[in-house]
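User: I would like to go through this structure by question and answer, with the cut-offs stated as we go.

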Amino acid sequence: MATNIPLTGKFNVTCEYKRKGNWSCGWHTGIDLTGSDNIYATCNGTVYKTGYDKSYGNYIVVKNNEADNYHWYCHLKSIGVSVGQAVTRTSIIGKMGATGNVTGKHLHFEIRDSSNQYSHNINPAEYMGIPNAVGSYNSANYQLTSNNTTTNTNTSNNELKTLARNTNL
């Protein structure tokens, strides 16, 4: 089932959006996720750019055709799309990796506004429809609504397991 979440099945948030730290702008510009190796597009869009950066490692940038923003997928092991290629929420676009400036295998997912400039970000957790908190989640508990937002369908409310801020996953 398609969602605004770039992973399927169980996944973890290991660093939330806007955490203060030693990043160039003073805070974390995206959300860090671990889980399945396949990375899915989180919007219907067009691959705008792919490449390698010393911080982001192997990355893919998708221009969202439904909103005026750009979705960044970083630290990838491999890139499975080409610039100009159309993608949907069911497209596998790459594999999770540990390239660039990282401490381990994960996906750094960020959304930039129409300027596509560093630190001009939109909260990716809000877009994904999950809490902006370190914890464990399952994409099976979320579904895409008719207006392309993700909603939590887990009625038991026991999905989120909040971890201590300094937990190593």
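User: Is Tyr-48 buried, partly exposed or exposed?

Analyst: This is a predicted model, in which local features need pLDDT of at least 70 and side-chain atom pairs count only at pLDDT 80 or more, while totals for chains, interfaces and linings use all residues. Residues are numbered from 1 along each chain as its sequence is written, and side-chain values use heavy atoms, with hydrogens and water left out. Buried means under 20% relative accessible area, exposed means over 50%, and partly exposed is what lies in between, with a 1.4 Å probe and protein chains only. Tyr-48 has a relative accessible area of 43%, so the class is partly exposed.

User: How many aromatic pairs are found in the whole structure, and which kind of pair do Tyr-48 and Tyr-70 make?

Analyst: Rings of Phe, Tyr and Trp (its six-membered ring) pair if their centres lie within 6.5 Å, and planes under 30 degrees apart count as stacked, over 60 as edge-to-face and the rest as tilted. The search of the whole structure gives five aromatic pairs. For Tyr-48 and Tyr-70 the ring centres are 5.0 Å apart and the planes stand at 65°, so this pair is edge-to-face.

User: Which strands does the pair of Tyr-48 and Tyr-70 tie together?

Analyst: Strands (E, at least two residues) are DSSP runs, numbered from the N terminus. The two residues are 22 apart in sequence, and the pair ties together their parts of the chain because Tyr-48 lies in β4 (residues 45-53) and Tyr-70 in β6 (residues 70-76). The strands asked for are therefore β4 and β6.

User: Which charged end sits over the ring of Tyr-70, and how far is it from the centre?

Analyst: A charge sits over a ring if NZ of Lys or CZ of Arg is within 6 Å of the ring centre and within 35 degrees of the ring normal. Tyr-70 itself is buried, at a relative accessible area of 10%. The charged end over its ring belongs to Lys-63, and its distance from the centre is 5.4 Å.

User: Which residues form a cluster with Trp-72, and which charged end sits over the ring of Trp-72?

Analyst: Trp-72 belongs to one aromatic cluster together with Tyr-56 and Tyr-59. The charged end that sits over the ring of Trp-72, at 3.8 Å from its centre, is that of Arg-112.

User: What is the distance between the C-alpha atoms of Thr-46 and Val-87?

Analyst: Thr-46 lies in strand β4 and is partly exposed at 27% relative accessibility. Thr-46 and Val-87 are 41 residues apart along the chain, and their C-alpha atoms are separated by 5.9 Å.

Methods:
Helices (H or I, at least four residues) and strands (E, at least two) are DSSP runs, numbered from the N terminus.
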